[in-house]
Structures are given as C-alpha cells and as structure tokens.
Amino acid sequence: MRIGIKLMLVVAAALLGGAPAPAQRQSRAGRVGAIEQQMYNNSANQDLLNQINQLRQQVTSLQASIEQLQHDNAQLKQSAQDQYLDLDSRLNRLEGGNAAPALPPVPASAPKAAPAPAKPAAAATSERPPSVHGDAGSLAATGDERTSYNVAFDSLKAGKYDDSAQLFLSFLQLYPNGVYAPNALYWLGESYYATRNFPMAETQFRELLSRYPTHDKAAGGLLKVGLSQYGEGKVDQAQQTLETVVAQYPGSDAARTAQDRLQSIRLGKQIR
C-alpha cells in the first residue's frame, strides 16, 4: 500500500514539474520573432532613409541646374533686347532722315521760282528730280504747279506735317497728273507717317505704287508700305512686304533698310 502511494506521488510530481516547459519555449520563440521583426523594420527604415537622402541630393542638383539655366536664359534675353533696341534706334534715325529732304530742281523748261530761304545745314538732304522711268510724256511743269509744290514742300521741311499733308492734298487735287504728282504722293505719305497716322500713310504709298510703279520713288514707297504696316501692328504683313523690297530692289538703300528692319522684327519675336 505504501509503495503504491509513493508511486502516485512520483508520477504527480513529474507531471507537475514538466508542464511549464512548452510555455517557456513558446515565450522565447515569440521574443526571438519580435526581435527579428524589429531588426527587419530597422533595415527597411534605413533603406528608406538612404533613398530619401539620394532623392534630396538629386533635387538639390536639379535646382542648381535650373537656376543656372534661368540665369543663362536671362542673359540671352537681355542680350537680344539690347541688340533689338540698338537696331531699332539706328533704324529710327535712318528713317527720320527721309522726313526732311531738299527740294527737287526745277526742270529746264519751267520758269525759275524764287529761291527758298536758307536752311540750317543739319536739315539739308537731297531729292532726285521727278522722273517716271519708261512712262511717256514730258517732264515740263508749269510755274503754278511748281509754286504749289514748293509751298507744300517747304511746310514739310519745316516739320509742319499736318499743314504739309493738307497742302499736298490740295496740290494733288489741282494737279492730279502733274509732273510732281508722284513726289507729292510720296511726301504726303511721309507727312502722315511722321505723325504716326500709319493707315493713311500706307494708303498714299500704295497709291504711288499703283499709279507710278516705275517711278524712282517706288522702292522707297514699297519700303514705307511695310514700315506703315509695322506701325499699325500688322507685323506678319510688314515682314512679307519688307521681304518683297529686299527681293525686288536688291542692293538699293530701300533694300538695306528693309533688311535691317526685318532683323529687328525677328529679334523682337525672339524676346517675346
């Protein structure tokens, strides 16, 4: 009886003593798994930080490149603008030189008019005698026609452009087919151009080209058509007209001025 009781106690003790082992093993496995998971998370975080740092470096490099490009672009624009303004200034001086020409000489068959008052040397320019190449007819002018033309022309030389426009209009009404009619049409257009009345100026220059296409002022008239269009803001039409001047009158003063204005237009388009 005593032996049986002892055996039962031994078995019970063995059972009681062995029960915690699986629980302890499970607890250690959980801790190891948690540590491994933490290590994995740390490694992933480090990779992410490395990628972020690389991206930051790339952004910094791109910003530096963008700033350099912006600086270079600003310099190019400034250079183009300086060239444009310089060219535009030279062209305006060139064009301004056509606004106050000297009086054309009196044809041999016409009576001599009274000499005009002396003008300052700075205002003196020259104008060719009126001629229409290839057109039949005499160049002789009556004294009355010449006198009327002188009055209008003197007003133009004095810079009274509104008055000269009215006087040239009156002259053309009195002598629509006179010897000085082509010149009067040209300077009427110049009178309007000088006061920035570009539509009216274009109309007169076109009238000159339509009626006297072979006149020695035809090249200048076509040039002024293009410049009037430019003044009206019709840049594309002006460019086409000026290109026609270069092609139709190569080597002429009008072609050279047209070429300069074309360069100015192209530069203006680039900096807009």
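How many aromatic pairs does the count come to? The count comes to nine, where rings of Phe, Tyr and Trp (its six-membered ring) pair if their centres lie within 6.5 Å. This is a predicted model, in which local features need pLDDT of at least 70, side-chain atom pairs count only at pLDDT 80 or more, and totals for chains, interfaces and linings use all residues. Residues are numbered from 1 along each chain as its sequence is written, and side-chain values use heavy atoms, with hydrogens and water left out.

**View 1. Tyr186 meets Trp187.** The ring centres of Tyr186 and Trp187 are 4.8 Å apart and the planes stand at 90°, so this pair is edge-to-face (planes over 60 degrees apart; under 30 is stacked, the rest tilted). Tyr186 and Trp187 are both buried (under 20% relative accessible area, with a 1.4 Å probe and protein chains only; exposed is over 50%, partly exposed in between). The charged end of Lys217 sits over the ring of Tyr186, 4.8 Å from its centre (NZ of Lys or CZ of Arg within 6 Å of the ring centre and within 35 degrees of the ring normal).

**View 2. Tyr193 pairs with Phe198.** Here is another edge-to-face pair, with 5.3 Å from centre to centre and 70° between the planes. Tyr193 and Phe198 are both buried. Lys224 lies over the face of Tyr193, 4.1 Å from the ring centre.

**View 3. Ring pairs build a cluster.** Look for Tyr149, Phe153, Phe168, Phe171, Tyr175, Tyr180, Tyr186, Trp187 and Phe205, which ring pairs link together.
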